[in-house]
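Subject: Structure for your files

Hello,

Please find the structure below. My notes on what was found follow it.

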Amino acid sequence: VLPGITYTLLDPQKVNKTHKLLLDASAAGDLSRVKDLVDSGIRVHESRPTGKTPLMVASEGGHKDVTSFLMRQMNLKEKAEALNTILPCCFTTPLMTAASHGRSNIVQLLLEQGADPYTLEEGDKRRMAFAFAGMKGHTHVMHLLLKKMGERDLIFSDTIYSLEYLVREGRLNEIALFMDEEVGKRLLKKE
């Protein structure tokens, strides 16, 4: 059970069935179905202790309209938790998942809604969303995250991890895009 999440449906079979319906609609980007399910009383911020949330699957699929709708259904506390709590199913946040899939429109939306780009994944690697984007070569997402992070120091290991991956994969175009003036200056500043 995730701390601070309110479970309102008490029948476990009903909870699992309704939760699955909302997950499926969110994953498919079916805004009309998501709205119908929410109107019927399903809570958007529910999650199963070992599963993904509707916000996570909508973010992963790049469904901006569904992601935005789900965010509007949460109060401030629920939204903060939904954005920044590491889920036990995958040890990441919706921002990390969206970054990993190159969903720049979702990354931008989640950042605007209060997602913390400095949250570290659980496990031994302890990477931020920046590294998730970098290891897949999503330089446009890397730039969005850097822009949000401002002048705060980027964890150097995330930068190195991302660049090492791109070099190993021979992705020279992505490295060139990543090493533009803004990012290049920040890396040189580290030395």
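This is a predicted model: local features need pLDDT of at least 70, side-chain atom pairs count only at pLDDT 80 or more; totals for chains, interfaces and linings use all residues.

The buried ones are Pro 54, Leu 55, Met 56, Val 57, Ala 58 and Ser 59. Gly 62 follows H3 and has a positive phi, near 75 degrees. Helices here are DSSP runs of H or I with at least four residues, numbered from the N terminus.

The axes of H3 and helix H4 (residues 64–72) come within 8 Å and cross at roughly 155 degrees (lines fitted to C-alpha atoms over the stretch in contact, angles from 0 to 180 degrees between N-to-C directions). H3 is therefore roughly antiparallel to H4 (over 145 degrees). Pro 54, Leu 55, Ala 58 and Ser 59 in H3 meet Val 66, Thr 67, Leu 70 and Met 71 in H4 (heavy atoms within 4.5 Å). The residues of this contact divide into six nonpolar, two polar and no charged.

**The chain**

The chain has 12 helices and zero strands. Of its 191 residues, 48% count as buried. Among contacts between residues at least 6 apart in sequence, 70% join residues at least 24 apart.

**Conventions**

Residues are numbered from 1 along each chain as its sequence is written, and side-chain values use heavy atoms, leaving out hydrogens and water. Local features need pLDDT of at least 70 and side-chain atom pairs count only at pLDDT 80 or more, while totals for chains, interfaces and linings use all residues.

Regards

Methods
Helices (H or I, at least four residues) and strands (E, at least two) are DSSP runs, numbered from the N terminus. Buried means under 20% relative accessible area, exposed over 50%, partly exposed in between (1.4 Å probe, protein chains only). Angles under 35 degrees count as roughly parallel, over 145 as roughly antiparallel, 65 to 115 as roughly perpendicular and the rest as oblique. Ala, Val, Leu, Ile, Met, Phe, Trp, Tyr, Cys and Pro count as nonpolar, Asp, Glu, Lys and Arg as charged, and the others, Gly among them, as polar.
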